[in-house]
Amino acid sequence: MMKIRFSNVEAGIHPVLGKVFHRRVDAIGPEADRYQRYLASTLSGVAPDVGESDRLLELIEKLETKAVDEALWEGQDITLTFRGSEVQVDIDVNDDWIGNPEGKFSLQELKRAVTGWR
């Protein structure tokens with residue numbers, strides 16, 4: 001079973017703020033490389049904050065209830081193409097990572113990842 005672990009990692013000390021933490025996402029399981037590249041590593045680019053996470057979850061809900069059939073979501077060098085109950089994750093900085101079958105996930109997989117990230 002695939003798992004995605006969310007954690008905070010100490011990133012140093014800021015002179016005014018004190019300890020600074022970095023959000024970390026790790027995929028663990030039989031397809032860890034695929035999930036890490038196309039799902040875990042892309043969350044900060046498609047849903048960088050709580051508001052964007054909520055908007056993305058709203059879109060997923062519309063797709064699940066068939067209120068919307070297709071949609072496009074663009075993030076930082078990442079494009080999500082929604083068709084029916086699937087999403088294609090394209091990482092735009094590498095032609096080999098665009099349209100790659102490894103970047104295809106169910107809406108439920110993406111929803112669980114975004115909910116955890118949120």
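**Figure 1. Ser53, a buried residue of helix α3.** Ser53 has a relative accessible area of 1% and is therefore buried; buried stands for under 20% relative accessible area, exposed for over 50%, and partly exposed for values in between (1.4 Å probe, protein chains only). The residue is found in helix α3. Helices (H or I, at least four residues) and strands (E, at least two) are DSSP runs, numbered from the N terminus. When residues up to four places away in sequence are not counted, Ser53 touches Ala47, Val114, Trp117 and Arg118, a contact being heavy atoms within 4.5 Å. This is a predicted model, in which local features need pLDDT of at least 70 and side-chain atom pairs count only at pLDDT 80 or more, whereas totals for chains, interfaces and linings use all residues. Residues are numbered from 1 along each chain as its sequence is written, and side-chain values use heavy atoms, with hydrogens and water left out.

**Figure 2. The open sheet of four strands.** The strand order is β3-β4-β5-β6, and the pairing is antiparallel; two strands pair if DSSP finds at least two bridges between them. The edges are held by β3 (70–74) and β6 (104–106), each of which has a single partner strand, so one side of each is left without a neighbour in the sheet. Direction ignored, neighbouring strands of this sheet are turned by 20° against each other on average. Three bridges pair strand β5 (residues 86–91) with β6 in the antiparallel sense, and Val87 stands opposite Phe105 in β6.

**Figure 3. Helices α3 and α4 against the sheet.** Helix α3 packs on the sheet, where it touches β3 and β4 (78–83), and its direction makes about 165° with that of β3. Axes are lines fitted to C-alpha atoms, for helices over the stretch in contact, and angles run from 0 to 180 degrees between N-to-C directions. Helix α4 (residues 107–117) lies across β4, β5 and β6 and runs at about 85° to β6.

Figure 4. Strands β3 and β4 run antiparallel and are joined by five bridges; Glu70 has Arg83 as its bridge partner in β4. The two strands, β3 and β4, form a hairpin with three residues between them, and Asp77 in the turn has a positive phi of about 60°.

**Figure 5. The largest nonpolar core.** In soluble globular proteins, nonpolar side chains tend to be buried together. The largest nonpolar core here has 28 residues, of which Leu56, Leu80, Phe82 and Leu110 touch the most other members. A nonpolar core is a set of buried Ala, Val, Leu, Ile, Met, Phe, Trp, Tyr and Cys residues joined through side-chain atoms within 4.5 Å. Phe82 has contacts that include Leu56, Leu59, Ile60, Leu63, Trp73, Val87 and Leu110, not counting residues up to four places away in sequence.

**Figure 6. Salt bridges.** Side chains of opposite charge can pair when their charged atoms come close. The structure holds nine salt bridges, a salt bridge being a side-chain nitrogen of Lys or Arg within 4 Å of a carboxyl oxygen of Asp or Glu. Lys19 and Glu10 meet through their side chains at 3.9 Å, N to O; Lys19 is exposed at 53% relative accessibility, and Glu10 is partly exposed at 45%. In the salt bridge of Arg34 with Glu31, the closest N and O atoms are 2.9 Å apart. Arg34 is buried, with a relative accessible area of 14%, whereas Glu31 is partly exposed at 40%. Glu52 and Arg55 form a salt bridge whose closest N and O atoms are 2.7 Å apart. Because they are three residues apart in helix α3 (residues 50–64), Glu52 and Arg55 are separated by about one helical turn. Glu52 is partly exposed at 23% relative accessibility, and Arg55 is partly exposed at 42%. Salt bridges that share partners join Arg5, Arg24 and Asp26 into one network.

**Figure 7. Val93 in a loop.** Val93 lies in the loop between β5 and β6 and is exposed, with 58% relative accessibility. Val93 and Val68 are 25 residues apart in sequence, and their C-alpha atoms are 28 Å apart in space.
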